[in-house]
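Thank you all for coming. Before I say anything, please take a moment to look over the model on the screen, and then we will go through it piece by piece.

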Number of protein chains: 2
Amino acid sequence: MPVTLRDVAERAGVHPGTASRALNPETRSLVSEATVRRVLQAAKALDYRPNPMARGLKTNRTTMVGVLVPDLSNPLFPPIVRGAEVELSRAGYTTIIADTDNDPEREAAALNALRARQVDGLLVGSARREDEAIAELFAQGMPMVLINRRSEDVPLPAVTGDDAYGVELAVRHLRELGHTAIAHVAGPGDMSTGVQRARSFRQAVSELGAAGSADLVVECATYSIEEGARATHELLERVSVTAIVAGNDQIAVGAIEALRARGLECPRDVSVVGFNDMPFVDKLSPPLTTVRVPHADVGAEAARLLVRWMAEGVAATTTTTLPVELVVRGSTAPLA
Amino acid sequence: MPVTLRDVAERAGVHPGTASRALNPETRSLVSEATVRRVLQAAKALDYRPNPMARGLKTNRTTMVGVLVPDLSNPLFPPIVRGAEVELSRAGYTTIIADTDNDPEREAAALNALRARQVDGLLVGSARREDEAIAELFAQGMPMVLINRRSEDVPLPAVTGDDAYGVELAVRHLRELGHTAIAHVAGPGDMSTGVQRARSFRQAVSELGAAGSADLVVECATYSIEEGARATHELLERVSVTAIVAGNDQIAVGAIEALRARGLECPRDVSVVGFNDMPFVDKLSPPLTTVRVPHADVGAEAARLLVRWMAEGVAATTTTTLPVELVVRGSTAPLA
DNA sequence: ATGAAAGCGCTAACAA
DNA sequence: TTGTTAGCGCTTTCAT
């Protein structure tokens, strides 16, 4: 039998209502100091743990938040989740992670499950660019923050790395190495990061004076090694380049494989820059030059915004962008 | 205002109690077919979602299970978690993941949080070999299954890959390549996998007729690249070998780095076998020969055992071992 | 400053 | 087969 509030109250010689007030920091001031002490002591003596379900039933809050990720196995997400979780648990929230497997149906199911669980808020890393289900929940007033994604039309608050600046860093780096024929093997067009980075690429390339024709951008259907390789082959059928900015690290790895398959070597013949700085990309050969995104910070910041919203009713509205940096390794070299 | 059972009952023209019985598959047989239909229809029309807290408060069950992992960023765990989650959600349970960060204190905190949340069961991937907190919860009757770990003294049910057979496969493979001077850079002695694999290594080596002196085993303090490198250096100060069986893939990567730092090349001078077949180890140079563990299956099987325990009261007792296979890649070669 | 009492939404014994 | 009732553990008005 677990210890209930009644037990604590009894031991402290007070009414359960009083014990409740004494235990809750918010209402503690309503109780005399001496009583608070007695109640707290009784609670500790009995190792009392409030029953969150009973509390939730009464207050209509669960202190649980759902975190939607498209694929936990993508090394991108564990740090984000971790960063968020630390911040959330600090604020007294429990994190429920749902892996949507990049599948809209599974996402819908997960969303339903979280809704049924009455989560107080949502951290969403799985949203495609247009996501009805998410938009609807948002419209219904569910506190939520997008992570590593942004929304186009709906004004969903979001926290992401600075994609535009990251791409600019990459292009600038390649320009400084003497490259002018720079291509972009872009991420999927239905994800905000894919679109954003492609857009930034075009802009950077035109500003920095490299050849930036439309021919030099190919799009991957997914963020995967296979798609990176396929798209790179497609690119190289058409044009020849000396440098590639990849939509992310997986695509970069695929690009390097495709190059190799065509008898080209990285970085001797073609330089490649990735995005994200995933674990292990420094162990590849060549070690990958890439843009490092502070993923844990992204998760943490998103969590903070969400907590502010849930606890203080301050709805986040803007997109927060965190600084990124270029990590130069072995996959980029001066133009021969 | 959310739709409650009362609303459904009202619309169906029945008493809430009846509606409850009609909605619950377990008790549905107590209700006339016509009534069931009406209630179900009303529920659908109103988009009724039962309030899990109210239900839980009554039934003392939450249909939530906690999953303790030592480090979500370790690519080992996402597949396990995923496999478990699929199986758990199929059985109607919600998964709460807690990352303990390899820190006993954090583990204790996480365990407390999960206990406070009244989870119905626990999947534990974080247990060190001796874990008081876990053992105590187990003794109190909390349904739990260890994943990827086993317990020594306490008879905790566990699901793991077949470490012994995996190590044997590795050693056999190296023997067939002609190696006799085979070392083991072992995982930590306070983790069951570290101990188990080391034990199996000694046995395999003696059975298969390789030089298996105690000198040929070094231990890492953690499963990390750095420790793998450090321990390998320590090993090579003492002896020279032509093959290394690593405690896991990270250690293998560290070993290869250490070899390189000493002017030795893998696999030309020393062959290296990893363990786990983490993502990306096939992209390293050389691509890593390693033992593939069916992580998703480990998670799924553990979840099934746990569900049986929670739902049917059938406590799992034994350790379940899942088959592993050797994946031969480029880091092993015939003895020159 | 504390006690009394009601009720959050649901289930389960009991009655009919 | 269905309705009635009580109550899970907690918070929160309303009294006192």
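How many residues does the contact take from chain A and from chain B? Keeping in mind that what we have here is a predicted model, the answer is 28 residues from chain A and 28 residues from chain B. On the side of chain A that touches chain B, the elements that each supply at least two residues are α4, α5 (77-90), β2 (94-99) and α6 (104-116) of chain A. If we sort the residues of that side of chain A by class, we find 16 nonpolar, six polar and six charged.

Let me turn to how the two copies are related. Chain A is superposed on chain B by a rotation of 180 degrees, with 0.1 Å of shift along the axis, and the RMSD is 0.2 Å. That is the relation of a two-fold axis. The same surface serves both copies, in that 100% of the contact residues of chain A recur in chain B.

Next comes the DNA. Around DNA strand C there are 24 residues, and the closest are H15(A) and G17(A) from one chain, together with L5(B), G17(B) and A54(B) from the other. Which elements supply that surface? In chain A, α2 (16-23) and α4 (52-59) each give at least two residues, and in chain B this holds for α1 (5-12), α2 (16-23) and α4 (52-59). The helix that gives the most to the surface near DNA strand C is α4(B), with five residues. By class, that surface has nine nonpolar, eleven polar and four charged residues.

Finally, I would like to look at the sheet in chain B. Six strands form an open sheet with parallel pairing, and their order is β2-β1-β3-β4-β5-β11. At its edges are β2 (94-99) and β11 (319-322) of chain B, each of which pairs on one side only. On average, and with direction ignored, neighbouring strands of this sheet are turned by 20 degrees against each other.

Within that sheet, β1 (residues 64-69) of chain B pairs with β2(B) in the parallel sense over six bridges, and M64(B) stands opposite T94(B) in β2(B). Across β1, β2, β3 (121-124) and β4 (144-147) of chain B lies helix α5 (residues 77-90) of chain B, which runs at about 170 degrees to β1(B).

Key: Residues are numbered from 1 along each chain as its sequence is written. Chains are lettered from A and ligands numbered from 1 in the order in which they are written. This is a predicted model: local features need pLDDT of at least 70, side-chain atom pairs count only at pLDDT 80 or more; totals for chains, interfaces and linings use all residues. Copies are superposed by least squares on the C-alpha atoms of residues with pLDDT of at least 70 in both. Two residues are in contact if their C-beta atoms, placed from the backbone, lie within 7 Å. A residue is near a molecule or strand if its C-beta atom, placed from the backbone, lies within 6 Å of it. Helices (H or I, at least four residues) and strands (E, at least two) are DSSP runs, numbered from the N terminus. Ala, Val, Leu, Ile, Met, Phe, Trp, Tyr, Cys and Pro count as nonpolar, Asp, Glu, Lys and Arg as charged, and the others, Gly among them, as polar. Two strands pair if DSSP finds at least two bridges between them. Axes are lines fitted to C-alpha atoms, for helices over the stretch in contact, and angles run from 0 to 180 degrees between N-to-C directions.
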